[in-house]
Amino acid sequence: MTNTSANFITDVWNNPSKLDEFRNDPKKYLLSIGENIPTDAEVVAHIDTNSDRNFVLPESDSILPSGDNYILNIIRKALKDASFKNQLLNNTASALAANNLRVPDGVNIHVYENQKNLFHVVVP
């Protein structure tokens with residue numbers, strides 16, 4: 001996503017009709033605000049709630065902010081360890097438990113990875 005288009009998060013937070021528009025057809029919405037998305041690509045919207053938290057693994061850790069928190073550490077580990085990454089993508093709860101990360105009751109963590117023609121966009 002471009003820096004200019006990243007403002008869409010603020011727009012969808014502040015305007016329920018824009019959030020509905022994004023949720024119903026994320027590709028069309030992103031195209032309407034100037035994002036360049038391949039014609040054959042699929043875009044999937046994920047909206048964080050009190051009970052669902054969504055994360056998309058970046059292609060490399062070079063774009064991650066500096067710091068030391070459990071989410072960043074899990075992402076860094078997934079980018080370095082293919083087996084762990086596979087487990088995180090396919091059975092997130094088990095992967096987190098294996099790393100002694102307790103998720104609060106009632107909270108579900110979902111982890112996604114973009115593919116060549118499949119893009120996951122999270123609205124926190």
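**Entry 1: the whole chain**

I began with burial and found that buried residues make up 29% of the 124 residues in the protein chain. Here buried means under 20% relative accessible area, exposed means over 50%, and partly exposed is in between, with a 1.4 Å probe and protein chains only. I note that this is a predicted model, in which local features need pLDDT of at least 70 and side-chain atom pairs count only at pLDDT 80 or more, while totals for chains, interfaces and linings use all residues. Residues are numbered from 1 along each chain as its sequence is written, and side-chain values use heavy atoms, with hydrogens and water left out.

Next I looked up the secondary structure, which comes to six helices and four strands. Both are DSSP runs numbered from the N terminus: helices are H or I with at least four residues, strands are E with at least two. From the N terminus on, I read the order as α-α-α-β-β-α-α-α-β-β. The C-alpha atoms fill a box of roughly 40 × 30 × 25 Å along the principal axes. I also checked contacts, meaning heavy atoms within 4.5 Å. Among those between residues at least 6 apart in sequence, 50% join residues at least 24 apart.

**Entry 2: the cores**

Then I went looking for nonpolar cores, which are sets of buried Ala, Val, Leu, Ile, Met, Phe, Trp, Tyr and Cys residues joined through side-chain atoms within 4.5 Å. The largest has twelve residues, including Leu57, Leu64, Phe84 and Ile109. I see at least two core residues from each of α4 (70–80), α5 (82–90), α6 (92–98) and β3 (108–113). Helix α4 gives the largest share, four residues. Another core lies apart from this one and has eleven residues, among them Leu30, Ala41, Val43 and Val123.

**Entry 3: α4 against α5**

How do α4 and α5 pack? I found an angle of about 120°, with the axes 5 Å apart. That makes α4 oblique to α5. The axes are lines fitted to C-alpha atoms, for helices over the stretch in contact, and angles run from 0 to 180 degrees between N-to-C directions. Under 35 degrees counts as roughly parallel, over 145 as roughly antiparallel, 65 to 115 as roughly perpendicular, and the rest as oblique. From α4, Ile74, Lys77, Ala78 and Lys80 meet Ala82, Phe84, Lys85 and Leu88 of α5.

**Entry 4: salt bridges**

I searched the whole structure and noted two salt bridges, each a side-chain nitrogen of Lys or Arg within 4 Å of a carboxyl oxygen of Asp or Glu. Arg23 pairs with Asp20, their closest N and O atoms 3.7 Å apart. Both lie in helix α2 (residues 16–24), three residues apart, about one turn of the helix. Arg23 is partly exposed at 42% relative accessible area, and Asp20 is partly exposed at 39%.

Glu113 and Lys85 form a salt bridge at 2.4 Å, N to O. This pair links distant parts of the chain, with Glu113 in strand β3 and Lys85 in helix α5, 28 residues apart. Glu113 is partly exposed at 23%.

**Entry 5: Val122**

Last, I turned to Val122 in strand β4 (residues 118–123). Its C-alpha atom is 6.5 Å from that of Asn54, 68 residues away along the chain. Leaving aside neighbours within four places in sequence, I found Val122 in contact with Ile9, His46, Asp48, Asn54, Phe55 and Val56.
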